[in-house]
Amino acid sequence: MVIAGLGDTGVLTAIRLARRFDVVGISVNPGLVSGQELGTRLARPDDWARNYWIGFDRFRELDRVRTVHGTLTGADLSARTVGVRDADGNVRVEPYDALVISTGVTNGFWRRAVLQSAGDVDAGLRDAHERLGSARSVAVIGGGAAAAGSAVNIALRWPDTRVELYYPGEHLLPQHHRRARQRVEARLAAAGVTLHPGHRAVVPDGFDCAAITSDDVHWATGQPPVRADAVLWTIGRVRPNTDWLPAEILDERGFVPVTPALQVPGHDGVFAVGDVAATDPLRSSARNRADGLLARNVAAYFTGGRMRGYRPPTSRWGSVLGVQPDGLEVFAPNGFAFRFPAWSIERVLQPWIVRRGIYRGVRDQDTVING
């Protein structure tokens with residue numbers, strides 16, 4: 001079995017499937033480089049890396065998975081093979097009995113489908129942090145969770161920096177429940193972030209939000225241009241990482257359509273999950289632990305059992321601002337928040353709920369280094 005893409009969803013899927021199948025996982029990174037918590041990544045990269053940048057050799061349940069560090073070059077769905085190019089430029093063919101597509105999306109400099117070494121990942125974290133740390137003013141463009149989380153974390157990390165958040169709607173977080181929107185807007189104001197609703201940015205031709213810029217920002221909604229030392233583009237302009245797949249299995253935007261069972265229609269033994277899978281308008285299987293459902297359905301595919309359907313929520317949920325001085329707020333789909341107190345993050349949440357409960361065991365970095 002081949003899992004194409006070992007990001008947040010791919011790693012969880014590999015952990016589940018490796019208990020029953022021989023699994024090969026293919027990744028452009030040498031470990032899990034999560035797409036979560038952009039604000040923490042920018043403001044406190046060391047804290048972020050401790051929990052979201054984890055080498056594959058640290059996951060106990062991935063010991064049974066053969067990981068391939070390379071770029072996917074193509075897929076022959078009739079022959080049941082995928083092509084992979086490694087860091088030395090060598091191309092290999094990986095056969096499969098079942099294929100799980102979980103290659104995610106490209107979305108700014110923090111989620112990219114380029115081959116990276118551990119040094120590349122570390123340098124990217126450091127460069128973005130230093131770029132923002134040297135700015136006296138920061139403009140964050142966008143109205144989603146990444147924008148809100150980035151703005152509040154930058155404001156708290158560098159309190160002397162002017163942080164302004166520009167977004168096109170009347171309110172932030174249009175895909176979240178009203179209660180969550182109101183709570184987040186209040187937290188942003190308390191952190192000193194200036195909110196600018198009704199601002200839709202003009203995105204330059206060919207610009208893919210892959211850099212922190214300093215050029216003037218112009219507005220399609222008629223306001224005067226804005227200048228800041230650093231402009232962070234978090235406008236949700238995602239691009240699915242599907243250039244390696246045959247065009248006939250993609251929709252008009254390049255995502256992978258799936259049945260409720262997360263199967264690719266018309267292609268036996270091919271599944272898709274995560275941000276790349278067009279399950280619903282929010283592509284919510286990336287944030288709703290669909291890895292468990294997918295693992296059951298893959299097993300059912302081989303045994304002839306009954307598959308289950310994925311049921312997406314109607315609103316986004318989860319953490320928006322990341323860990324703050326008073327703890328971590330996690331919003332439910334109904335907009336109510338559950339707060340983990342600050343003391344519990346490194347004592348309970350990360351070691352017990354995440355590393356042991358969700359990932360089924362993550363070795364300490366020193367244990368890996370010392371063998």
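The axes of helix α5 (residues 145-157) and helix α6 (residues 178-190) come within 9 Å and cross at roughly 25 degrees. Helices here are DSSP runs of H or I with at least four residues, strands are runs of E with at least two, and both are numbered from the N terminus. Axes are lines fitted to C-alpha atoms, for helices over the stretch in contact, with angles from 0 to 180 degrees between N-to-C directions. The angle therefore makes α5 roughly parallel to α6. That class covers angles under 35 degrees; over 145 is roughly antiparallel, 65 to 115 roughly perpendicular, and the rest oblique. The crossing of α5 and α6 is left-handed. Left-handed means that the near helix is turned anticlockwise from the far one by less than a right angle; clockwise is right-handed. Ala-148, Ala-151 and Val-152 of α5 meet Val-184, Arg-187 and Leu-188 of α6, where contact means heavy atoms within 4.5 Å. Five of these residues are nonpolar, none is polar and one is charged. In this scheme Ala, Val, Leu, Ile, Met, Phe, Trp, Tyr, Cys and Pro are nonpolar, Asp, Glu, Lys and Arg are charged, and the others, Gly among them, are polar.

The model is predicted: local features need pLDDT of at least 70, side-chain atom pairs count only at pLDDT 80 or more, and totals for chains, interfaces and linings use all residues. Residues are numbered from 1 along each chain as its sequence is written, and side-chain values use heavy atoms, with hydrogens and water left out.

Arg-187 leads on to a cavity. Arg-187 is in the lining of the largest cavity, along with Val-320, Leu-321, Gly-322, Gln-324, Asp-326, Gly-327, Leu-328, Glu-329, Phe-331 and Arg-339. A cavity is a set of points, on a 1 Å grid over the protein atoms alone, where a 1.4 Å probe fits but cannot get out; lining residues have an atom within 4 Å of a point. The volume is about 60 Å³, taken as the space filled by probe spheres set on the points, with grid points joined across faces, edges and corners. Strand β19 (residues 328-331) gives the most to this lining, with three residues. The lining divides into four nonpolar, three polar and four charged residues.

The structure holds three cavities of 30 Å³ or more. Helix α1 (residues 8-17) supplies the largest share, three residues.

Now follow α1 to its partner. The axes of α1 and helix α7 (residues 290-303) come within 9 Å and cross at roughly 40 degrees. That makes α1 oblique to α7. The crossing is right-handed. Leu-12, Thr-13, Arg-16 and Leu-17 of α1 touch Asp-291, Gly-292, Leu-294, Ala-295 and Val-298 of α7. By class, this contact has five nonpolar, two polar and two charged residues.

One more helix pair remains. The axes of helix α3 (residues 45-52) and helix α8 (residues 344-358) come within 11 Å and cross at roughly 35 degrees. Arg-50, Asn-51 and Tyr-52 of α3 contact Glu-346, Gln-350 and Arg-355 of α8. Three of these residues are charged, two polar and one nonpolar.

Notes:
On a 1 Å grid over the protein atoms alone, a cavity is a set of points where a 1.4 Å probe fits but cannot get out, and a pocket is an open set with protein on both sides within 12 Å along at least five of seven lines; lining residues have an atom within 4 Å of a point.
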